[in-house]
Amino acid sequence: MFHARFIAALTVTTALGVSAASAADLAARPYTKAPAYVEAIYNWAGFYVGGHLGGAWTNEQWVNSANTTAFGDLAPGQGFRQRGSGFMGGGQIGYNWQANDFVFGIEGTISGLDNSGRVTNTVFGLSHDDQFSWRANAMATIVGRAGYAIQNNLLYFKGGYAGVNNRLSVVDNVPPATGSGSQTHWASGWTVGAGWEYGITRNWTIGVEYNYAAFERETYQLAGTSAGTYTFDAKPRDIQWAVVRMNYKFDAPVIARY
């Protein structure tokens, strides 16, 4: 009897000890949440400023719309079209917003260009009679941008407003109605383009870009020594340009993907 009671008491004591030890083990191992997976991506968000350099091609067209003087020999409806090319360069400033891999932004540019040409009228007058010249020497754009980022690479499209400073001149060398006249207009239009940009460091990016712009017609009145005006409807039909760009990007809040 005593032996049986002793064994039962020992069994209960052992079970209580094991339970206490198990409880102690649980208390010594508190639960910790696994850290969330974070993948850092290149941060395109924020302000940037930079410069660009490349080449531009202009298609210029002018048509006589009201020849009211002996100055000049083109009759209404007659005119010329010419293509000129040259270097261009300038600066840009903009701001980007980023949502995961998608980047949206707004950008303004101003550029100087050296697109010009000269035509001598030997068809409607005497040899070397009317000498026409034109020049597109400054351009500005305000555009929206939308792109897709692949780490340090950004592929984007852009589109919006474009304006160009355009000058048309004429010289009539043959008497009796000789003289010269010129006028400059700011022609407004639209532009579209696409580009690739690469982040070489946290703040510096480089890229290449192609753009196309078309412009409205403006009326140029070129007065000579004779009474009246020599009036043309003229415009850069389009300007195309390709440039290399470099930007400095100011720091913005760090982007992370969860």
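Select Glu-107 and Lys-158 to begin the tour: their side chains meet in a salt bridge at 3.2 Å, N to O. A salt bridge is defined as a side-chain nitrogen of Lys or Arg within 4 Å of a carboxyl oxygen of Asp or Glu. The pair links distant parts of the chain, with Glu-107 in strand S4 and Lys-158 in strand S6 (residues 153-172), 51 residues apart. Strands (E, at least two residues) and helices (H or I, at least four) are DSSP runs, numbered from the N terminus. Both Glu-107 and Lys-158 are buried. Buried means under 20% relative accessible area, exposed means over 50%, and partly exposed lies in between (1.4 Å probe, protein chains only).

The model is predicted, so local features need pLDDT of at least 70 and side-chain atom pairs count only at pLDDT 80 or more, whereas totals for chains, interfaces and linings use all residues. Residues are numbered from 1 along each chain as its sequence is written, and side-chain values use heavy atoms, with hydrogens and water left out.

**Further partners of Glu-107**

What do the side chains of Glu-107 and Arg-245 form? They meet in a salt bridge at 2.8 Å, N to O. Because Glu-107 lies in strand S4 and Arg-245 in strand S10 (residues 230-249), this pair ties together parts that are 138 residues apart in sequence. Arg-245 has a relative accessibility of 4% and therefore counts as buried.

Next, select Arg-145. Its side chain meets that of Glu-107 in a salt bridge at 3.9 Å, N to O. Here too the pair links distant parts of the chain: Arg-145 is in strand S5 (residues 130-150) and Glu-107 in strand S4 (residues 102-121), 38 residues apart. Arg-145 is buried, at 6% relative accessibility, and Glu-107 is buried, at 2%.

Why can such side chains pair? Side chains of opposite charge can pair when their charged atoms come close.

Now widen the selection to Glu-107, Arg-145, Lys-158, Glu-197, Glu-209 and Arg-245, which are linked in a network of salt bridges. A search of the whole structure finds seven salt bridges.

**From charge to ring**

Arg-145 lies over the face of Tyr-156, at 4.3 Å from the ring centre. A charge sits over a ring if NZ of Lys or CZ of Arg is within 6 Å of the ring centre and within 35 degrees of the ring normal.

**Aromatic pairs**

How many aromatic pairs does a search of the whole structure find? The search finds 14. Select Trp-62 and Phe-132, which form a tilted pair, 6.1 Å centre to centre with 45° between the planes. Rings of Phe, Tyr and Trp (its six-membered ring) pair if their centres lie within 6.5 Å; planes under 30 degrees apart count as stacked, over 60 as edge-to-face and the rest as tilted. Trp-62 lies in strand S2 (residues 46-67) and Phe-132 in strand S5, so the pair ties together parts 70 residues apart in sequence. Are these two residues buried or exposed? Trp-62 and Phe-132 are both buried.

**Last stop**

The C-alpha atoms of Val-170 and Phe-132 are separated by 4.4 Å, although the residues are 38 residues apart along the chain. Val-170 is found in strand S6 and is buried, with a relative accessible area of 1%.
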